[in-house]
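Here's a walk through one protein model, from a single residue out to the whole chain and its ligand. Have the structure open while you read.

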Amino acid sequence: NYFQNDVELLKGKTVVITAGPTREKIDPVRYISNHSTGKMGYSLAEEAKKSGAHVVLISGPVQLPPPQGMEVVKVESAEEMYNAVMNHFGDADVVIKTAAVADYRPKIAYDHKVKKKPGDTFIELERTKDILLELGKQKKKQVLVGFAAETDNVEEYAQKKLYTKNADMIVANNVKAEGAGFGTDTNIVTLFKRQGEIKELPLMSKRAVAEKIIEEIAFLLKDLDE
Ligand code: CTP
Ligand code: CA
């Protein structure tokens, strides 16, 4: 096997990784978010560092200890994550979009606590920017990896995301499967690559999944140079 654990697969490369959820403010005491804990993204950041990369970790609010030996940028909202990613995109050889970005945010974020009143049952929402979609449009000689969290039709939706977002690889997981998805230390993912290759991985620790993803990214980088 050409790739060994102690080989620095990403030596000299800059890898930008987003992790965790975003929070979309309703008012000073409330927000819209999701169940992402950041474990998959933080594992990827550690693996990328181990592989010799310069790592920029752009993280939404999570409970994990800040990793050492990398640049960590903390953000809250999808808009802040978008700006942080764009600030670092020019220097990036690889971007891995592990974060579970909120698709909607309240149209108005109030500075005072909103009081309930009769008949007031709606919060008006608007769409956030799709960061990966934008990266796909601006991509030069860079490797772009997205994630897809699905509960059904995993393959169909993952393939669609691969093309609409112009990604080089989509890491898909069925968040309803036992041992996969939010909060667990394990994951079951399938890798969908641009060239049509599909790799179904068994139940593994998120750390092992991260190692496998980094290995695939090294292959994708090699393809770029040929
Ligand atoms: N993503 C992003 N910006 C958004 C929404 C998603 O960059 N505003 C990225 C995620 O980080 C992930 C990929 O797009 O890498 C797929 O996210 P996912 O939520 O699975 O797909 P969506 O395109 O948002 O579609 P849907 O939620 O309807 O399945
Ligand atoms: Ca989404």
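Does Met 204 count as buried or partly exposed, going by its C-beta neighbours inside 10 Å? Met 204 has 16 such neighbours, so it counts as partly exposed. For the cut-offs, a residue is buried with 20 or more other C-beta atoms within 10 Å of its own, exposed with 12 or fewer, and partly exposed in between, with C-beta atoms placed from the backbone.

## Ground rules

This is a predicted model, so local features need pLDDT of at least 70 and side-chain atom pairs count only at pLDDT 80 or more, while totals for chains, interfaces and linings use all residues. Residues are numbered from 1 along each chain as its sequence is written, and chains are lettered from A and ligands numbered from 1 in the order in which they are written.

## The whole chain

The protein chain has five helices and 14 strands; these are DSSP runs numbered from the N terminus, with helices being H or I of at least four residues and strands E of at least two. The C-alpha trace spans about 65 × 35 × 35 Å along its principal axes. A compact globule of 226 residues would have a radius of gyration near 17 Å, and the 18 Å of this chain agrees with that (taken over C-alpha atoms; the rule is 2.2 Å times the number of residues to the power 0.38).

Buried residues make up 39% of the 226. Take the contacts with a separation of 6 or more: 62% of them join residues 24 or more positions apart. A contact here means C-beta atoms, placed from the backbone, within 7 Å.

The largest nonpolar core has 55 residues, and Val 15, Ile 17, Ala 48, Met 81 and Ile 170 touch the most other members. Such a core is a set of buried Ala, Val, Leu, Ile, Met, Phe, Trp, Tyr and Cys residues joined through C-beta atoms within 7 Å. Beyond four places in sequence, the contacts of Val 15 include Leu 10, Ala 48, Val 55 and Ile 96.

Ala 19 lies in strand 1 (residues 14–19) and is buried, with 28 C-beta neighbours inside 10 Å.

## Helix 4

Helix 4 (residues 154–164) has Val 154, Ala 158, Lys 161 and Leu 162 buried. These four cover an arc of only 105 degrees around the axis, which puts them on the same side of the helix (the arc is that of the directions from the helix axis to the C-beta atoms). An α-helix has 3.6 residues a turn, so residues three or four places apart point the same way.

Glu 156, Tyr 163 and Thr 164 are exposed on the other side of helix 4. The cover over its buried residues includes strand 9, strand 10 (169–174) and strand 12 (189–193). After helix 4 comes Asn 166, with a positive phi near 55 degrees.

## Around ligand 1

Ligand 1 has 15 residues around it, of which Lys 97, Val 101, Ile 131, Leu 132 and Gly 146 come nearest. Helix 3 (131–138) and strand 9 (143–150) are the elements giving two or more residues to this shell. Being near means a C-beta atom, placed from the backbone, within 6 Å.

Strand 9 gives the largest share, four residues. The shell divides into eight nonpolar, two polar and five charged residues; Ala, Val, Leu, Ile, Met, Phe, Trp, Tyr, Cys and Pro count as nonpolar, Asp, Glu, Lys and Arg as charged, and the others, Gly among them, as polar.

Definitions and conventions
Two residues are in contact if their C-beta atoms, placed from the backbone, lie within 7 Å.
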